[in-house]
Amino acid sequence: MTQQQINIPRLVIGAPHGRSGKTTVTLALVSGLLGRGVDVQPFKKGPDFIDPGWLSRLTGKPCRNLDSFMMSRADIRQSFARSARHSGIAVVEGAMGLFDGLDLEGSGSTAEIAKIIKAPVILVVDTTRMTRSVAAMVNGYRHFDPDLEVAGVILNKVARSRHENMLRAAVEKYCGLPVLGVLPKGNEFNIPDRHLGLIPAAEDSELASMVDHAGRLAGKYLDLDGLLAIAAQAPSLDDVDGSPGPLLTSLDMGGLRPLRRRAGVGLALDRVFTFYYPENLEALTAAGAELAPFDTLRDTKLPEVDALYIGGGFPEVFAGQLEANESLREHIRQMIESGLPVYAECGGLMYLGRQVAWRDQAHRMVGALPFDVEMLDKPQGHGYVALQVEGDNPFFAGGAEIRCHEFHHSRVINLDPGARFAFRVKRGKGIDGRQDGLVYRNVVAGYSHIHALAAPDWAENLVRRAEVFRHGSG
């Protein structure tokens, strides 16, 4: 590997606490920069699919996740550099409070990610019912960690001009930091959400226009010149690999072509199933998979492929339409019975079961796996997961440990008592609090979302199993 020194203008958008407006500000900033013709590569701190979906939609390129629970520090720097190296600026949306992490030392926090990629932080402050106290808050965050650079402040939910003047004066006098934006209080920046956060970008064109409108409005309230100047001062990254390999560069699978095709892998990619990490698709391509997207709502049969990858999403929202596509459901079931290798996560797990029940209605799904699913109001699994591979399965080596995550409001019920599992859950919930990764024939389906950088053998094993199936011995 060739180590290179790479200069990437970059910013991390952080906040004192969740619901401060990081997503609104990030969308606004990205929209404003794009309006100036700046090429923006978006990132999201931590495990998330929905906020990255909106950032991907805005920029036309896949938003990347940076997560120190699932990824090593070297992997984070490499992932960041390989996808942002040719962009005009990289913008990282933080999560939770700036220093909130897994432990007292802040492991896994937005601050930790900012330090790993050597990026200045812009602090977004919800100024509701606050004036001079904003300076005390900002100074606390600025000086809490001397290794972190808090380079500027954006004030959110500002009531009126007098309020703005007091806030600006307090920050500039007592903190010595620039105020780089002021977003007024009001409904024009509110974007509807669902139980996992914002509604996914692929679902609703009306919501997409609302996001675009909010971005255009908010862009007027940000000091784009000041933000670009701070981003340009970020130091070079000098310990990253200069050979990127397959790179997903656009939302239409641009850049993903295997050097040597070993197998075709069908990818459920539509309004229902949208939760895929770009690195997972890149890993499959690097292993020799030619990805073939299909639509679970419209296609009446699968493309000619040797394996399937069905990611997460919201099958409960589209359950009636999924049920109505009986032809595709039956084709998938028949192919699974014939030995087709399938890897499914969360929404994919739900789709492969017998039925999904939600809001007093039940809809039939593929019916290949022996269980039903019911939706509940409260999360049934939420957060990081640690898995130990214990059961025989087609895609993961015995004894391996996998760090991943889950977030679901559904649970598996009426599970066949003879069901087999691939994983023992050491941290998290999984399917039943003890196990995850239901195994049936050449299928592994679970609630946990893996990241290829935390499961480096997964893609190769899936493609190898697909080759076996293609040659008639699956």
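Reader: Which residues in α9 are buried?

Author: A caution to begin with: this is a predicted model. A residue counts as buried when its relative accessible area is under 20%. In α9, that applies to P278, E279, N280, L281, E282, L284 and T285. Seven of the nine residues of this helix, which spans residues 278-286, are buried, so α9 is largely enclosed by the rest of the structure.

Reader: What do the buried residues of α9 pack against?

Author: They pack against strands and helices: β4 (64-66), β12 (263-268), β14 (289-294) and β15 (307-310), together with α3 (73-84) and α13 (458-470). Past the helix, look at G288, which follows α9 and has a positive phi, near 110 degrees.

Reader: How do I read the angle at which α1 and α2 pack?

Author: Compare the directions of the two axes, each taken from N to C. An angle under 35 degrees counts as roughly parallel, and one of 65 to 115 as roughly perpendicular. For α1 and α2 the angle is about 10 degrees, with the axes 10 Å apart. The two helices are therefore roughly parallel to each other. Their contact is made by T23, T26, L27, V30 and L34 of α1 and D51, W54, L55, L58 and T59 of α2.

Reader: Why might contact residues in a helix be spaced three or four places apart?

Author: An α-helix has 3.6 residues a turn, so residues three or four places apart point the same way.

Reader: At what angle do the axes of α1 and α8 cross?

Author: The axes of α1 (residues 22-35) and α8 (residues 224-232) cross at roughly 95 degrees and come within 11 Å. That makes α1 roughly perpendicular to α8. Here L29, G32 and L33 in α1 meet L224, L227 and L228 in α8.

Reader: Which residues touch the most other members of the largest nonpolar core?

Author: That core has 78 residues, and L29, F80, I117 and V134 touch the most other members. Leaving out residues up to four places away in sequence, L29 touches L11, I13, V91, L222, L224 and L227. Apart from this core lies another, of 74 residues, with A289, I332, V443 and W458 among them.

Reader: What is the nearest side chain of opposite charge to D48?

Author: It is K44, 4.2 Å away. A salt bridge needs the charged atoms within 4 Å, and D48, though buried, has none. D48 sits in the loop between β3 (40-45) and α2 (50-59). Not counting residues up to four places away in sequence, D48 touches N65 and Y277.

Technical notes: Residues are numbered from 1 along each chain as its sequence is written. This is a predicted model: local features need pLDDT of at least 70, side-chain atom pairs count only at pLDDT 80 or more; totals for chains, interfaces and linings use all residues. Side-chain values use heavy atoms; hydrogens and water are left out. A nonpolar core is a set of buried Ala, Val, Leu, Ile, Met, Phe, Trp, Tyr and Cys residues joined through side-chain atoms within 4.5 Å. Buried means under 20% relative accessible area, exposed over 50%, partly exposed in between (1.4 Å probe, protein chains only). Contact means heavy atoms within 4.5 Å. Helices (H or I, at least four residues) and strands (E, at least two) are DSSP runs, numbered from the N terminus. Lys and Arg count as positive and Asp and Glu as negative; His and the chain ends are not counted. Axes are lines fitted to C-alpha atoms, for helices over the stretch in contact, and angles run from 0 to 180 degrees between N-to-C directions. Angles under 35 degrees count as roughly parallel, over 145 as roughly antiparallel, 65 to 115 as roughly perpendicular and the rest as oblique.
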